[in-house]
There are 2 protein chains.
Amino acid sequence: MTTPHKIAIIGAGTIGLSFVALHLTTDPTCEVSIYDTRPDLESYVRASLPDYLPDSEGSNDNDDDDDDPEKKKDREQEARSALLSRLAFHATLRSAVEGATIVQEQGPESAAFKTALWPQVEQHAPAAALLWSSTSGIPASAQSRAMREPARLLVVHPYNPPHLMPLLEIVPGPATARDVVERTVRFWRARGRTPVVLEKECVGFVANRLAFALLREACSLVAAGVVSPRDLDAVVTGSMGPRWAVAGPFESYKAGGGEAGFAGFMEKIGATVGECWRESEGDYARLGVHVGGPWQSGVCEAVDGTFGPVDVRGRDRKTRGVLEAVKDAI
Amino acid sequence: MTTPHKIAIIGAGTIGLSFVALHLTTDPTCEVSIYDTRPDLESYVRASLPDYLPDSEGSNDNDDDDDDPEKKKDREQEARSALLSRLAFHATLRSAVEGATIVQEQGPESAAFKTALWPQVEQHAPAAALLWSSTSGIPASAQSRAMREPARLLVVHPYNPPHLMPLLEIVPGPATARDVVERTVRFWRARGRTPVVLEKECVGFVANRLAFALLREACSLVAAGVVSPRDLDAVVTGSMGPRWAVAGPFESYKAGGGEAGFAGFMEKIGATVGECWRESEGDYARLGVHVGGPWQSGVCEAVDGTFGPVDVRGRDRKTRGVLEAVKDAI
């Protein structure tokens, strides 16, 4: 596609702004329209968006003319202005989606809101526009009930924050057209991201199902008095975090099985795995590790008493470093 | 402690060799004794150990005299020889542990083997030597049954491979002396590692309990036909892997709750978390996701049909890069 994209972002919360930053920085020709009902939309976005941009974004950073920090700052300022000049602000849905090639929704997590939204989008957006919801839980099949063409809608679920995290879970509904899926995957691949298409809709999609399974075990181990929240986090950042940044669990455990692969791994340490699974189940039952169970207030208190406010800039810088390390090394 | 350490390594498998490499490279004065029953012990270790050493280990790498690759190679060769000269090989347990300051065991994962080993170690090692088991599942309280002084023993469980991964789970038994725990923690901290002391012995310790909980969910999602093994791994390396390399699950989800912290996070998306946990439990029951269940052969086949042999050098290089990125950035 050689005509520039015009991407309509519906909802200027943290996910919306993060996507705005991602689009503007990964596609030098696209235009981005933002629709949100907040009255101070433009000033709010202009003030907040820089938090989502890397420090040197768009500065044509070259080591050899790095000498003059003033000039460098000017260049950065200029590049940032150029970036922001491709933004437009809209107080109505209609004007935001008119002429859009992509409409990307991250409004309230309410089936009623989303179900009412899409027919309006259909009415005003071009027929060829891709329609994406960033929902973390309401499947396309539920959102598209009032649409004329449910085939157009799919879920593009990011891992927060999307301007950093490569993953996008692409979750078509049973009615979603294959062509819509393919164009969506091509779009993200061309921008160096990791779109993963799920075979079917499921509760929580894949990333949260995996992460919440580990979270449950983490809560259970803290509730059982085995480990403190700080030490539990130290376990993760000192072991499976860096491991899984480089290779996923299946590839890693397959490697652990040597020649015999994942089947060999399960053969060799299956007894231990089974013991762990049984013990976890027993602990969940014994300690009531379900949402709202007796463990919850104590663990929340312990966690909130442990960690100070997060240094977002620092965390993002480290995250970029991790992603670079994984990409660059051979 | 100013006298050099003399560390006796019992068992020259992959964990043993990885620890040998770790000790030799992080402590320039220590001596390492290896005891193993294999007849070709010395030639085997000399041939295998380089795989556990970083490419430029001990080469006094300076950018400014990097010009001559031949000289650099010579220097590396020399440094490596110096490293290996601090190794000694033993065909008897007695000679390996005599004079040791630390005895570190990674023999067969058999309670009988370990229970029989420690009284022999007690007999021949100095009374002040620290006694560590690398077991991934047999607690100190079980291993120390025949010891004169069970207070001396604790588990120091690495995350494979220990020459790369910072985590060491320190698991004292009820009988382990506090002083033994403290000396062990000091030892690892001084070497820039992440020792985490568990409050009590538990099945699988913490790292494997967490990782296996996620693995179970991964197996279940593949068995349910939601996602392929390759895509599941892509989800992890594109999202929670890099996130958890930088900050653990508790700190991350607390940040997700904003001002209201982890309690706010659970308040805000607790319903979704609860739905995921219930759905997972239902899937485990429906698909029989226990060890040896009906899901297992299909998932093993799918995983082993997906991934080729692992490029250990490449993976290790990336892992070092990830750990550097997390350490260096502010």
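**Chain A against chain B**

Me: How many salt bridges does the rule find across the interface of chain A and chain B?
Reply: The model is a predicted one. Across the interface of chain A and chain B, the salt bridges found by the rule number six.

Me: Which residue of chain A forms a salt bridge with B:Arg209, and how far apart are the closest N and O atoms?
Reply: A salt bridge needs a side-chain nitrogen of Lys or Arg within 4 Å of a carboxyl oxygen of Asp or Glu. B:Arg209 meets this with A:Glu217, whose closest N and O atoms are 2.8 Å apart. The partner is A:Glu217, at 2.8 Å.

Me: Which element gives the most to the side of chain A that touches chain B?
Reply: Several elements of chain A each supply at least two residues to that side, among them β8, α8 and α14. The top contributor, with 17 residues, is α12(A).

Me: How is α8(A) oriented to α12(B), roughly parallel or roughly perpendicular?
Reply: Helix α8 of chain A and helix α12 of chain B pack with their axes 9 Å apart, at an angle of about 105°. Angles of 65 to 115 degrees count as roughly perpendicular. Therefore α8(A) is, relative to α12(B), roughly perpendicular.

Methods. Residues numbered from 1 in each chain as written. Chains lettered and ligands numbered in written order. Predicted model: local features only at pLDDT ≥ 70, side-chain atom pairs only at ≥ 80, totals over all residues. Heavy atoms only, no water. Axes fitted to C-alpha atoms, helices over the stretch in contact; angles between N-to-C directions. Helix = DSSP H or I, 4+ residues; strand = E, 2+ residues; numbered from the N terminus. Parallel < 35°, antiparallel > 145°, perpendicular 65-115°, else oblique.
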